[in-house]
Amino acid sequence: MGRPSRAHEVRRLILDGAADIFSRRGYRATSMNEIAAAVGLSKPTLYHYFHNKEEILVRLYEEVMSDAVDNAVEISEAVDEPLEVLRRLLVYRVRTTCERQSIHKVFFEEEEELPRDLVETVIEQRRRYEDVYRTQVRRFLDAHPDPPDIDVTVFVNTCLGAANWVYKWYRSDGASTPEQLGHQIAAYALHPLGTSSLPSHRSRATDDSPQ
């Protein structure tokens, strides 16, 4: 692949800058002037790339959902073992939420600001994403000789709640890297399905430490 175009780089700069400001100040309290100043662009240049801040918010939501769904489909198609699919899905969910904490804070807290047609799209994409988890849990239960007695929807919502909520409390200077934290949360979340062991509690340097 070639180098991203200048236009692509500027749009990326704007989206990342806007996500950071929205996450700190809130969508309604943020102006296009503030976004322009934060990313070092003139206001006319900013408007050349995005017509208004709603368009920026829409693009942020589309990006998060597209990444989540694409990754879920890719993992589920590449891995046969349902428990391993679930583990990889949760590790990825936690890691990306930590690494892109600002955009995920916006995603989880600013949905009421979206235009109505996009809210419906987000709900549909979220359903597609959650369906991948539900399918894998059912596959695991169907293949298990003595399956645990769990409600699939409640179990999936609990797993995703644990994974998504890290945007609230993850600290980049904490004991765990995003990858390590992802493995820990996946182990705890999937333990009711009979995973063999829970993560140990050691220092960050061991690649196996808690946050």
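Tutor: Contact here means heavy atoms within 4.5 Å. This is a predicted model. Keep both points in mind as we go.

Student: Which residues meet where helix 4 and helix 6 are in contact?
Tutor: From helix 4 come Leu 57, Leu 60, Tyr 61, Glu 63, Val 64 and Met 65. From helix 6 come Ile 103, His 104, Val 106, Phe 107 and Phe 108. By class, this contact of helix 4 with helix 6 has nine nonpolar residues, one polar and one charged.

Student: What makes helix 4 roughly parallel, antiparallel or perpendicular to helix 6?
Tutor: Take the angle. Helix 4 and helix 6 (residues 101-109) pack at about 100°, and their axes are 10 Å apart. Roughly perpendicular covers 65 to 115 degrees. The angle falls in that range, so helix 4 is roughly perpendicular to helix 6.

Student: How do helix 5 and helix 7 pack, and at what angle?
Tutor: Helix 5 (residues 82-99) and helix 7 (residues 116-143) pack at about 150°, with axes 8 Å apart. Over 145 degrees counts as roughly antiparallel. Therefore helix 5 is roughly antiparallel to helix 7. The residues of their contact divide into 11 nonpolar, one polar and two charged.

Student: Is the crossing of helix 5 and helix 7 left-handed or right-handed?
Tutor: The crossing is left-handed.

Student: Which residues of helix 5 and helix 7 meet?
Tutor: Helix 5 brings Pro 82, Leu 83, Val 85, Leu 86, Leu 89, Leu 90 and Arg 93. Helix 7 brings Tyr 129, Val 132, Tyr 133, Gln 136, Val 137, Arg 139 and Phe 140.

Student: Where is Leu 41, and what does Leu 41 touch?
Tutor: Leu 41 sits in the loop between helix 2 (32-39) and helix 3 (43-49). Not counting residues up to four places away in sequence, Leu 41 touches Val 10, Ile 14 and Ala 36. Leu 41 and Ile 14 are 27 residues apart along the chain, with 8.9 Å between their C-alpha atoms.

Student: What makes Asp 131 buried, exposed or partly exposed?
Tutor: Asp 131 lies in helix 7. Its relative accessibility is 34%. Buried stops under 20% and exposed starts over 50%. The value sits in between, so Asp 131 counts as partly exposed. The C-alpha atoms of Asp 131 and Thr 153 are 9.4 Å apart, for a sequence separation of 22 residues.

Student: And why is Glu 55 called buried, exposed or partly exposed?
Tutor: Glu 55 has a relative accessible area of 29%. That value also sits between 20% and 50%, so Glu 55 is partly exposed. Glu 55 belongs to helix 4. Leaving out residues up to four places away in sequence, Glu 55 touches Tyr 49 and Phe 50. The C-alpha atoms of Glu 55 and Ala 29 are separated by 16 Å.

Student: Which members of the largest nonpolar core touch the most other members?
Tutor: Ile 14, Phe 22, Ile 35 and Ile 56 do, in a core of 63 residues. Helix 4 (residues 53-78) gives the most to this core, with 11 residues.

Student: What is Phe 22 in contact with, leaving aside neighbours within four places in sequence?
Tutor: Phe 22 is in contact with Tyr 27, Thr 30, Ile 35, Lys 53, Ile 56, Leu 57, Leu 60, Val 106 and Glu 110.

Student: How many helices and strands does the protein have?
Tutor: The protein has 10 helices and zero strands. Of its 211 residues, 45% count as buried. The C-alpha trace spans about 65 × 40 × 35 Å along its principal axes. Among contacts between residues at least 6 apart in sequence, 68% join residues at least 24 apart.

Methods:
Residues numbered from 1 in each chain as written. Predicted model: local features only at pLDDT ≥ 70, side-chain atom pairs only at ≥ 80, totals over all residues. Heavy atoms only, no water. Core = buried A, V, L, I, M, F, W, Y, C linked by side-chain atoms within 4.5 Å. Buried < 20%, exposed > 50% of the residue type's maximum accessible area, 1.4 Å probe, protein only. Helix = DSSP H or I, 4+ residues; strand = E, 2+ residues; numbered from the N terminus. Axes fitted to C-alpha atoms, helices over the stretch in contact; angles between N-to-C directions. Parallel < 35°, antiparallel > 145°, perpendicular 65-115°, else oblique. Left-handed = near helix turned anticlockwise from the far one by under 90°. Nonpolar A, V, L, I, M, F, W, Y, C, P; charged D, E, K, R; others polar.
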